[in-house]
Amino acid sequence: MDLITPDKTHDEARQGEALMLDATMGKNNGRKLYIESYGCAMNFSDSEIVASILQEQGFETTKDYNNADVVFINTCSIRENAEQRVRNRLKEFTVAKVKNPGMVVGVLGCMAERLKSKFLEEEKLVDVVVGPDAYRDLPNLIDKVDGGQKAVNVLLSREETYADINPVRLNSNGINAFVSIMRGCDNMCSFCVVPFTRGRERSRDPHSIVKECTDLFNAGYREVTLLGQNVDSYKWAPQTTLPEGEGSEEQADKEVLPLGEDLGGVNFANLLEMVALINPDLRVRFSTSHPKDITDEVLETIAKYENICNYIHLPVQSGNSRVLELMNRTYDREWYMNRVDAIRRIIPGCAISTDIITGFCTETEEEHQDTLSMIDYVGYDYAYMFMYSERPGTLAAKRYADDIPEPVKNRRLKEVVEKQRHYSYVRLQEQIGKVQRVLIEGFSKKSDQDYCGRNDQNAMVVFPVGENYKPGQYVNVLVDRTTTATLLGSVVD
Ligand code: 5AD
Ligand code: SF4
């Protein structure tokens with residue numbers, strides 16, 4: 001088994017990898033890769049990086065795992081049921097593997113990072129386990145498996161951003177694309193496994209981000225979603241380097257010159273502006289914002305540019321200050337409300353969505369009521385709502401008892417869902433009679449007589465197909481009615 005342990009540096013691993021690449025080049029030509037993703041948008045984006053790395057090696061992607069030479073599952077660890085879903089799916093691959101014993105089965109992403117080589121013991125089907133920062137090593141690891149070994153690389157990196165890799169767009173409609181702007185998370189929310197599975201926070205070079213978005217626009221894409229666990233802490237410091245040929249350590253102390261013309265640092269507001277300026281017809285979305293870090297400067301940038309969407313995903317998690325403190329969210333109820341007030345003031349009409357956890361350790365009935373009243377205060381357009389699920393190794397698992405009985409967590413969740421359903425409907429109703437600028441994404445799910453696309457606020461709009469417009473174009477749609485989740489109307493251009 002090739003286990004790259006943390007005492008082997010990333011660079012050493014990369015040197016080894018470069019040698020292996022020369023050896024494996026060509027031999028993978030025409031081999032088929034099947035890749036399936038679970039969890040957050042970042043995982044879907046990572047799968048496109050993985051596909052790109054393997055395409056370079058001659059692999060082609062397939063949509064049918066029965067025909068695949070390599071089957072990858074990119075996993076999520078955020079809640080226990082996410083992990084269970086992956087384990088169940090792995091069982092379904094068993095029949096294909098029995099038919100084709102040469103098939104390589106790999107587990108990527110957060111579960112791979114969390115369970116490491118234990119995965120190989122627990123799931124005999126699995127040949128290779130690869131963490132989120134080790135995808136450049138995949139050709140080498142597959143080669144090991146081809147040679148009859150099992151392989152693991154779960155090394156986390158402080159630098160890896162895959163900045164130079166041009167992702168292969170998987171399952172793409174050619175209109176919207178995810179663009180990763182940073183990796184990892186330093187926030188240590190006490191319930192969350194992500195800082196352990198995705199490592200330290202690091203930002204990607206803004207020039208490579210702008211280039212990727214420009215290339216997407218030139219290829220016909222019309223919407224990019226900038227991704228990070230906490231986009232508001234995006235930070236790119238000016239790069240420093242030495243004049244050519246003057247590389248001694250002595251000189252490095254004395255003379256450090258900035259690289260490139262733009263010498264200042266780049267924060268998230270600056271990055272948003274850089275991407276918005278690519279073209280007014282390129283829509284810009286982003287996720288996820290953190291209430292502790294979202295600045296007025298970011299809000300003002302959103303307000304300034306028509307093509308930055310008026311939609312912010314601002315996870316609250318709980319409406320109660322004591323629970324927020326236990327969660328280590330580093331803001332309280334008042335701070336969160338103040339940020340919502342700032343959004344309402346600076347970007348009137350901006351949609352806000354959130355994440356909520358019910359039944360966190362020691363949460364009382366009154367504290368749960370604070371979450372309900374926060375939903376009333378904000379009137380969210382949309383929410384992702386979950387029961388607390390204890391994750392091994394997190395601060396909460398170490399410090400606090402998971403003491404709210406499942407039926408209570410569930411009942412609180414139902415109350416939260418019920419209230420939110422009301423506001424989601426109210427927010428849609430408010431759009432009736434208004435004209436929405438919609439980017440057409442394709443046929444609606446239900447009928448090829450209708451197109452669908454999202455408005456600025458991220459609501460789905462459905463309207464009849466017409467001769468004068470097609471997917472990838474913007475149209476103005478007058479909304480005349482809604483379902484519980486969709487706006488319905490007709491084009492008025
Ligand atoms: N239990 C329940 N929900 C969780 N989330 C993260 N960790 C947990 C957990 N242990 C939720 C948070 C986060 C979203 C992505 O998943 O609400 O914002
Ligand atoms: Fe997890 Fe908190 Fe980081 Fe989000 S900000 S990924 S909830 S630790």
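1. Basis. The model is predicted: local features need pLDDT of at least 70, side-chain atom pairs count only at pLDDT 80 or more, and totals for chains, interfaces and linings use all residues. Residues are numbered from 1 along each chain as its sequence is written, chains are lettered from A and ligands numbered from 1 in the order in which they are written, and side-chain values use heavy atoms, with hydrogens and water left out.

2. Helices (H or I, at least four residues) and strands (E, at least two) are DSSP runs, numbered from the N terminus. Buried means under 20% relative accessible area, exposed over 50%, and partly exposed in between (1.4 Å probe, protein chains only).

3. Neighbours of strand 5. Two strands pair if DSSP finds at least two bridges between them. Strand 4 (residues 70-75) pairs with strand 5 in the parallel sense, over 6 bridges. T75 has G109 of strand 5 as its bridge partner. Strand 6 (residues 128-130) also runs parallel to strand 5, joined by 3 bridges. There, G106 has V128 of strand 6 as its partner.

4. The crossover. Strand 4, helix 3 (residues 80-99) and strand 5 make a β-α-β unit, and it is right-handed. Right-handed means that, with the strands pointing away from the viewer, the path from the first strand over the helix to the second runs clockwise.

5. T75. This residue sits in strand 4. T75 is buried, because its relative accessible area is 0%. Its C-alpha lies 9.8 Å from that of G131, 56 residues apart in sequence.

6. Strand 20. Strand 20 (residues 435-443) has two antiparallel partners to check. With strand 23 (residues 474-482) it pairs over 5 bridges; V435 stands opposite L478. With strand 21 (residues 450-454) it pairs over 4 bridges; I440 stands opposite G453. Strands 20 and 21 form a hairpin, with 6 residues between them.

7. Helix 2. Helix 2 (residues 41-55) has 15 residues and reaches 21 Å from first to last C-alpha, close to the 21 Å expected at 1.5 Å a residue. The expected span is 1.5 Å times one less than the number of residues. Of its 15 residues, 12 are buried, so the helix is largely enclosed by the rest of the structure. Among the buried ones are M42, D46, E48, I49 and I53.

8. Helix 14. The 14 residues of helix 14 (residues 365-378) should span 20 Å at 1.5 Å a residue, and its end C-alpha atoms are 20 Å apart, which agrees. Buried here are E367, H368, T371, L372, M374, I375 and V378. An α-helix has 3.6 residues a turn, so residues three or four places apart point the same way.

9. G265. This glycine is in the loop between strand 14 (257-258) and strand 15 (266-267). G265 counts as partly exposed, because its relative accessibility is 36%. Its C-alpha is 5.5 Å from that of W236, 29 residues apart along the chain.

10. Ligand 2. The residues around ligand 2 are C185, N187, M188, C189, F191, C192, V194, P195, Q229, H290 and R329. Each has a heavy atom within 4 Å of it. The shell divides into 7 nonpolar, 3 polar and 1 charged. Ala, Val, Leu, Ile, Met, Phe, Trp, Tyr, Cys and Pro count as nonpolar, Asp, Glu, Lys and Arg as charged, and the others, Gly among them, as polar.
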